[in-house]
Amino acid sequence: MNRTIVGLQWGDEGKGKVLDVLAPSYDIVVRYQGGSNAGHTVIVGQEKYVFHIIPSGILYPGVTCVVGNGTVIDVVQLRQEIQALLDKGVSVTNLKISNHAHVVMPYHKKLDEIREDRAEKKIGTTKRGIGPCYADKVSRVGIRVEDLYNYNKFCRLLRSNLAEKNAVFERFGETSLKFEQIASSYLEAAAFLEPYVENTQVLLQKAHKAGKKILFEGAQGIMLDIDHGTYPYVTSSSTGPANAANGAGVSPDATGSILGIVKAYTTRVGGGPFPTELKDSAGEFLQEAGHEFGSTTGRPRRCGWLDLVQLKYAVELSGAKDIVLTKLDVLGAVLGDTRLQELKVAVNYSEQSWDRPDPQYITFKGFGPIDSATKWEDLPREAKQYVNYIEDFLGVRVLYVSVGPQRNALIKNPAWVA
Ligand code: IMP
């Protein structure tokens, strides 16, 4: 009954849209890792919502949305995200924030920035302080959400962290950070967030026992996983479904079946290996037609062909048997008088390495516009062939294909979904 949704590439697979469509069938949606490095875009009518840490299920009043213990939260930014929803008339009474999640502090963001700016080989982080915050968590010097409500403890932790981090900033000729400034803005944000904070592990365990349906929401993608991705060009958490239980505080048997989200081509933001990257007009075409710019940083995403070698790895690792294929319409888009006449898909690497793979491709015929398709039968034969090939190669079922940003632009595959 429960389900875990994960991206099977380098993030930005369109999880937000799929979550938005599935959320009303669940009682609870829980985000289990990452922070405001993520960005989910949901378009409803004329309204565009960008979520960084709040699960997109918040748009449905009957769905409880949990920001789990495995996340890292910039409380000032979360406050702004909540305020933006309230300004649009969206109720957030069903939002629950884990008291055990770690707080992203200004010194985390500054450290992230300094490391990035000084690095010879840049990871291309979002500079949201994610890596340094998880590092402090593991070093046992982090500040958890509940610490914001214990004044003496918060002050003690903030002082000792600032002493350590300011010494580093000074060493690099950077200005140090001031205790008073941070304390006042963080305590103010904490007061605003207090009604939403609770022990969400207990909430989720009770809900699971009571038979409530829970949707576990992963951020980023398998190839950005700290252990299994293209290290060090990864994010600082375990993005795969195995972490859903840990990051939510439930037993592993509560996290249900796994649904992988796959974009019909490949993108990645930031540095690191990208076997099927296109540095030519086809790459530019995908970037423009797919509006491939980061929802968190606005950076252009690198674009390339679909990589079934990479996806096979991600399917094995995640255990996903079902997938949703997003942005299929982009492959058929027309820009001016140009469209992709042929599509390539990587099926083998000459060397088993993300760095020097020299991929071997097979070629499909392009299929032209499909953004007005509403059912499977409306898709051209070539588009269906593309989907069927992916299913056969990966041994998965493609349950839905997405052909546009709107909620309803999601087509059921009648082979698997009634
Ligand atoms: P960090 O998570 O900000 O530390 O960034 C580490 C790497 O993960 C960088 O390459 C980022 O571009 C990438 N990254 C982090 N979050 C996302 C995301 O939501 N989508 C795509 N890439 C991401």
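**Aromatic rings in a predicted model**

Author: Happy to chat about this predicted model. Let's start with F393, which is partly exposed, because its relative accessible area of 22% falls between the 20% and 50% cut-offs.

Reader: Nice. What about Y389, how exposed is that one?

Author: Y389 has a relative accessible area of 28%, so it counts as partly exposed.

Reader: And where do Y389 and F393 lie?

Author: Both are in helix α12, which covers residues 381-394. They are 4 residues apart there, about one turn of the helix.

Reader: OK, zooming out: how many aromatic pairs does a search of the whole structure find?

Author: The search gives 8 aromatic pairs. Take Y389 and F393: their ring centres are 6.2 Å apart and the planes are at 35°, so this pair is tilted.

Reader: Is Y349 buried or exposed?

Author: Y349 is buried, with a relative accessible area of 4%.

Reader: Last topic, charges. Which ring does the charged end of K110 sit over?

Author: That would be the ring of F169, with the charged end 5.3 Å from the ring's centre.

Reader: And R171, where does its charged end sit?

Author: Over the ring of F172, 5.6 Å from the centre of that ring.

Technical notes
Residues are numbered from 1 along each chain as its sequence is written. This is a predicted model: local features need pLDDT of at least 70, side-chain atom pairs count only at pLDDT 80 or more; totals for chains, interfaces and linings use all residues. Side-chain values use heavy atoms; hydrogens and water are left out. Rings of Phe, Tyr and Trp (its six-membered ring) pair if their centres lie within 6.5 Å; planes under 30 degrees apart count as stacked, over 60 as edge-to-face and the rest as tilted. Buried means under 20% relative accessible area, exposed over 50%, partly exposed in between (1.4 Å probe, protein chains only). Helices (H or I, at least four residues) and strands (E, at least two) are DSSP runs, numbered from the N terminus. A charge sits over a ring if NZ of Lys or CZ of Arg is within 6 Å of the ring centre and within 35 degrees of the ring normal.
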